[in-house]
Amino acid sequence: MIEIRDLHKSFGSHQVLRGVDLLVEDGQSMVVIGGSGSGKSVLMKHIIGLLKPDKGSVLVDGTDITRLDAKHLYEVRKKFGMLFQGAALFDSMAVWENVSFALLRSGMRASEARQVAIEKLRLVGLTGIEDLMPSELSGGMRKRVGLARAIAHQPQILLYDEPTTGIDPIMGDVINDLIIKMREDLLVTSVAITHDMHSAYKIADRIAFLYEGRIVETGTPEGIRNTTNPLTKQFITGSSQGPIKIEGINA
Amino acid sequence: MTRFIEALGSRIIRFTAVMGSMLLLFAETLKELLLPPYEIKNTFKQVMEIGVKSVPVVAITAVFTGMVLALQTFTGFKRFGAEALVGTVVSLSMTREMGPVLTGLVVAGRAGAAMAAELGTMRVTEQIDALETLATNPVKYLIVPRFVSSAIVLPSLTVIADMLGILGGYAIAVWLFGMSSALYWHRAWNYLELNDIFGGLAKSAFFGAGIAIVCCHRGFYTEGGAEGVGKATTGAVVISFMTILISDYFLTAWLLK
Ligand SMILES: Nc1ncnc2c1ncn2[C@@H]1O[C@H](COP(=O)(O)OP(=O)(O)O)[C@@H](O)[C@H]1O
Ligand SMILES: [Mg+2]
């Protein structure tokens with residue numbers, strides 16, 4: 001279970017998070033929606049301890065990870081797998097070494113780690129690419145390799161940063177199906193952030209809307225679709241008319 | 001006037017902040033260096049990358065430096081009949097100054113720039129974040145191997161530079177100016193002390209460590225996409241050059257005491 005309480009984060013004078021509260025139950029698929037630059041990635045980086053908040057806490061299975069020292073934080077991180085927006089594959093390593101990176105680091109033999117990598121790659125629908133370099137892959141393949149790497153050490157929680165951004169809609173739907181499959185087959189808790197409503201409705205069982213540094217509404221996909229909150233309504237219908245302040249445009 | 005003082009003040013503050021953050025990175029690098037597990041494979045890879053691949057450039061630089069030193073000394077010292085000292089000038093200059101400094105500059109320009117660009121790219125493409133999520137300390141995994149190999153490799157390259165520089169001087173003095181081979185060697189060796197060589201090597205180890213910290217720091221804290229990587233790389237080379245040239249004076253003054 002992930003419990004975020006009153007999370008604040010500023011960069012210089014720029015207040016990005018201004019008191020985020022969010023609860024993600026075990027096995028749930030939470031999708032945080034919000035505009036570009038609204039702080040979704042910043043929020044996600046707090047969940048896995050890549051950023052330290054100015055105020056507030058992040059409880060992972062009851063442990064406040066914002067107060068852990070480096071050693072214990074690395075231990076908690078083993079519960080997580082994260083798929084980065086640009087996949088963040090290590091471009092100096094072959095695909096299979098990317099996938100089994102954490103396993104190789106924890107001392108698994110190369111031949112065994114390679115087998116695990118091949119098996120995880122098959123799980124995300126990729127075969128015969130284990131010896132390629134990341135630079136030889138298409139955007140959609142990179143994301144799937146990134147997903148294979150995120151699940152290789154059998155995490156309990158998967159984080160997805162804009163899983164469908166930057167790839168074509170069909171590949172986007174392949175990724176959506178994989179996210180659902182991961183949850184059903186591996187029984188993981190998942191948190192995704194996106195501004196793609198099609199994807200959000202498809203993969204979420206809860207949706208939270210991040211606006212001006214706070215979660216303004218949380219609900220089921222059905223509830224969000226029929227929302228009465230004018231801010232949420234404007235965002236999900238993708239209208240330029242409404243109460244949401246748009247940078248560079250004066251009302 | 002007040003604006004000038006403000007601008008100066010904010011520059012000094014920024015400079016101090018960068019220095020402080022480099023020292024912190026240095027401290028963390030030392031800590032991670034001492035704590036197991038040790039990154040032996042990665043360090044070896046960096047020795048190849050920083051060291052072996054720099055040999056050709058270092059060699060060419062050193063040979064030509066030795067040659068020009070001999071050329072200048074021979075023609076200059078001839079004015080007061082001291083051209084026989086050419087071997088001494090070349091051997092002392094190379095081992096004490098030119099070997100370590102030029103090797104440092106060459107490695108900073110070649111391998112240091114590559115370190116900053118590589119780490120900078122990893123930062124802006126979130127590969128450094130990815131290391132963290134895979135429970136790997138990026139300082140240990142990326143910076144320690146570069147630091148260790150740079151500090152080992154620089155003195156080794158300096159030994160090569162010293163030898164080739166003296167050989168380059170020999171080529172000019174003996175083949176071009178017809179000096180006797182025995183005289184050149186005699187002058188080159190007889191006034192050379194072990195301390196000249198070791199002092200030079202100590203300086204170069206310091207330069208190696210400094211280059212690695214400066215360049216890794218610039219790369220590690222890159223911000224702002226591809227443009228940021230470009231800035232980090234340029235900054236890394238400029239600061240490394242300054243660090244080498246300024247610290248060289250003070251290290252030399254200290255070694256000569
Ligand atoms: N490390 C950082 N330093 C300074 N500003 C940052 C940093 N990370 C993010 N920001 C700023 O925080 C805001 C939110 O960024 P982000 O979370 O990436 O947005 P998004 O919702 O598109 O993922 C942006 O304005 C961004 O410029
Ligand atoms: Mg983002």
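I took helices (H or I, at least four residues) and strands (E, at least two) as DSSP runs, numbered from the N terminus. The model I examined is predicted, so that local features need pLDDT of at least 70 and side-chain atom pairs count only at pLDDT 80 or more, while totals for chains, interfaces and linings use all residues. Residues are numbered from 1 along each chain as its sequence is written, chains are lettered from A in the order in which they are written, and side-chain values use heavy atoms, with hydrogens and water left out.

**Entry 1: fold of chain B**

I looked up the secondary structure of chain B and found nine helices and zero strands. From the N terminus on, I read its elements as α-α-α-α-α-α-α-α-α. The C-alpha atoms of chain B fill a box of roughly 65 × 55 × 35 Å along the principal axes.

**Entry 2: the interface**

I counted contacts as heavy atoms within 4.5 Å. On this basis, 22 residues of chain A and 16 residues of chain B take part. Buried area is the accessible area (1.4 Å probe) that two parts lose on being put together, summed over both. For chain B and chain A I noted about 1700 Å², with 58% given by carbon and sulfur atoms. Of the area that chain B buries against chain A, 36% is supplied by B:Glu126, B:Thr133 and B:Leu134, more than by any other three residues.

I then searched for salt bridges (a side-chain nitrogen of Lys or Arg within 4 Å of a carboxyl oxygen of Asp or Glu). The rule finds four across the interface of chain B and chain A. In the salt bridge of A:Arg105 with B:Glu39, the closest N and O atoms are 2.8 Å apart.

Which elements give two or more residues to the side of chain B that touches chain A? I found helix H5 (127-133) and helix H6 (138-176) of chain B. H5(B) gives the most, with six residues.

**Entry 3: local geometry**

I recorded a cis peptide bond joining B:Pro36 and B:Pro37, with omega of about -5°. B:Pro37 has its place in the loop between H1 and helix H2 (40-51) of chain B. A:Glu162 is found in the loop between strand S7 (157-161) and helix H7 (169-186) of chain A. Most residues other than glycine have a negative phi, and most peptide bonds are trans.
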